[in-house]
2 protein chains.
Amino acid sequence: MYDLVIIGAGPAGLAASIYASRYQLKHLVLGAEVGGTISWAHKVDNYPGLPGLTGVDLAKRFVDHAKGLGATIVAAQVVDLQRKGEVFSVVSSDGKRYEAKALILATGTRRKELGVPGEKEFLGKGVSYCPTCDAPFYKGKRVVVVGGADAACSGAIHLAKFADKVYLLYRKGKLRATPAWIKGIEKEKKIKVLYGTNIVKIVGEGERVAGVELDEPVEGGKLLAAEGVFIEIGGVPLTDLAGKIGVRVDKENYIPTDDGMSSNVKGVYCVGDVGSHWKECQQVVTAVAEGAVAVCGVYRLLYGNAKG
Amino acid sequence: MYDLVIIGAGPAGLAASIYASRYQLKHLVLGAEVGGTISWAHKVDNYPGLPGLTGVDLAKRFVDHAKGLGATIVAAQVVDLQRKGEVFSVVSSDGKRYEAKALILATGTRRKELGVPGEKEFLGKGVSYCPTCDAPFYKGKRVVVVGGADAACSGAIHLAKFADKVYLLYRKGKLRATPAWIKGIEKEKKIKVLYGTNIVKIVGEGERVAGVELDEPVEGGKLLAAEGVFIEIGGVPLTDLAGKIGVRVDKENYIPTDDGMSSNVKGVYCVGDVGSHWKECQQVVTAVAEGAVAVCGVYRLLYGNAKG
């Protein structure tokens, strides 16, 4: 029986593990993607104390820190959750079952899809959700990035290092990224921002993407030629597991918590991008802080008298 | 006119500066102690991604990160605050005046005093509030540490590296530090914890501390001989400035905020140890997250449409 099982191995889950080790809680981290989606970021410049790292390197710092304090991190998907009285049962994709007195859900988000024809068909054949991963394949080519927040803008800047031309398509009239990224967009001549524009269809030629069809004509037509289409329109909270044990979600599918990161189910805490806490400012640093605070709560619940 | 003046240059204030730079806010950091009181910690093992640093080194990371993004950090005490309509006026000890549209208060705490005879008299002559700073002076000697939370326990462990004997005096019956520190206390044979014990008086011999007089006899008497007395009983929020512009404090003198770290005064945010947010789990990581969130709020207030 574990004191705590942490589901999700991104920054929030790993920070929870770091704190759980400091609190001497018997715990386990289960996550399909060790390091989390921050690994997809090509540069993180705003995690205080560790400027300018790649997402992969920052994630590795968290993993190494957690492991250094003795954490067991299992790279496995959680496929089922059950609750029997005050005990939670966690089933992983390799068929193992773990029992715990408390849970921290740090499952994060999956990338939102555009939902247009051609998106599924050309996935991996020009359609991508990860500029960091795939930018080097587009050297000297033309690419389209869809979105207007941080991931889209930083992705476009990264792509401009390789591609000849980057079109940033945003449905609204004003980018909503951190101003430092917007300034980067303005400075980069290879990037052209097309406002108020939506993709109707991703078109291909044979096996590969050849361009996108738009709802409004730009540069003389509705067809924009491009070899790559990067979709960066945000995330969908991964809350399927939460529902299995009665954890409530809001209408946008985020998990609401109290100030101590507790969900509506006693013993179940929720941290990072899957939660609605600080939804308007979801950052690596807020995710890790939430992980720490949740463990303070778990410790108080199980053993009382916790303090920092 | 600055967009933002940040008062306090500890982790919370420096993180706010990092975010303010990312948001391209014209801002200034003013703080009497650049790096903040975390510099007094001999080891910080729970800031995710940077394990095992000294407090000084961790503080330096934050300072360097903030400066690297272009921050101006002025090492000066703020002595007065005024508010004229929507403009705040900040006066520093060197007589300069700065005007700003928004303020972040990150003033932290000062160390709480025991308030017993001999404490002021022998300050710097055996009485200390900083084990990290002064431990090396007590090689082969006997010391007393007062307190039962993280700072007292980690301080006692650090002192045991130098001193022959460390008495940890706590007024309650059970230490309330992070379990990892408590385990460290239990493992260290040089440390003896005396529960339910209070110091009545710090006694000296000539110029220096010679011991403490207790309210209950231990080891045969009420007088415990020691060359050093380290007082680690927590902090008092530094809220004098806040009062000058109508910022409300709670009965323990912490500044309450909403979830976005705003105080009751529009345009004034409050982060880190001086605030009541997450008071039960005040950590470096929570302080820096609060700094980030406050800047998201400042940006929204001044320019609207902020996003991570």
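Because the model is predicted, local features need pLDDT of at least 70 and side-chain atom pairs count only at pLDDT 80 or more, while totals for chains, interfaces and linings use all residues. Residues are numbered from 1 along each chain as its sequence is written, chains are lettered from A and ligands numbered from 1 in the order in which they are written, and side-chain values use heavy atoms, with hydrogens and water left out.

**How the two chains meet**

Let us start with the symmetry. Two copies of a chain are related by a rotation about an axis and a shift along it.

Chain B puts 50 residues into the contact, and chain A puts in 50 residues; contact here means heavy atoms within 4.5 Å. The copies meet through the same surface, because 100% of the interface residues of chain B are also interface residues in chain A. The size of an interface is often given as the accessible area lost when the parts come together. For chain B and chain A that buried area is about 4,600 Å², with 55% of it on carbon and sulfur atoms. Buried area is the accessible area (1.4 Å probe) that two parts lose on being put together, summed over both.

Between the chains there are 16 residue pairs in polar contact, both residues being at pLDDT 80 or more. A polar contact is a pair of N or O atoms within 3.5 Å; within protein, one must be able to donate a hydrogen and the other to accept it, and residues adjacent in sequence count only if both atoms are side-chain atoms. On the side of chain B that touches chain A, α1 (11-22), α2 (55-68), α5 and α7 (284-303) of chain B each supply at least two residues. Helices (H or I, at least four residues) and strands (E, at least two) are DSSP runs, numbered from the N terminus. The largest share of this side, 11 residues, comes from α7(B).

Buried means under 20% relative accessible area, exposed over 50%, and partly exposed in between (1.4 Å probe, protein chains only). The His65(B) side chain reaches the backbone nitrogen of Gly49(A) at 3.1 Å. Leaving aside neighbours within four places in sequence, the contacts of His65(B) include Asp45(A), Tyr47(A), Pro48(A) and Ile18(B).

**A helix inside chain B**

Helix α4 (residues 150-159) of chain B is largely enclosed by the rest of the structure, because 9 of its 10 residues are buried. Among them are Asp150(B), Cys153(B), His158(B) and Leu159(B). The cover over the buried residues of α4(B) includes α3 (131-134), β9 (142-146) and β10 (165-170) of chain B.

**Salt bridges**

A salt bridge is a side-chain nitrogen of Lys or Arg within 4 Å of a carboxyl oxygen of Asp or Glu.

| Pair | N to O distance |
|---|---|
| Arg22(A) and Asp45(B) | 3.9 Å |
| Glu86(A) and Lys266(A) | 3.9 Å |
| Asp80(B) and Lys244(B) | 3.5 Å |
| Arg111(B) and Glu232(B) | 2.8 Å |

Arg111(B) lies in strand β7 (residues 109-111) of chain B and Glu232(B) in the loop between β15 and β16 (235-237) of chain B, so this pair ties together parts that are 121 residues apart in sequence. Arg111(B) is partly exposed, with a relative accessible area of 22%, whereas Glu232(B) is buried at 7% relative accessibility. In the pair of Glu86(A) and Lys266(A), both residues are exposed. Finally, Asp250(A), Glu252(A) and Lys279(A) are linked in a network of salt bridges.
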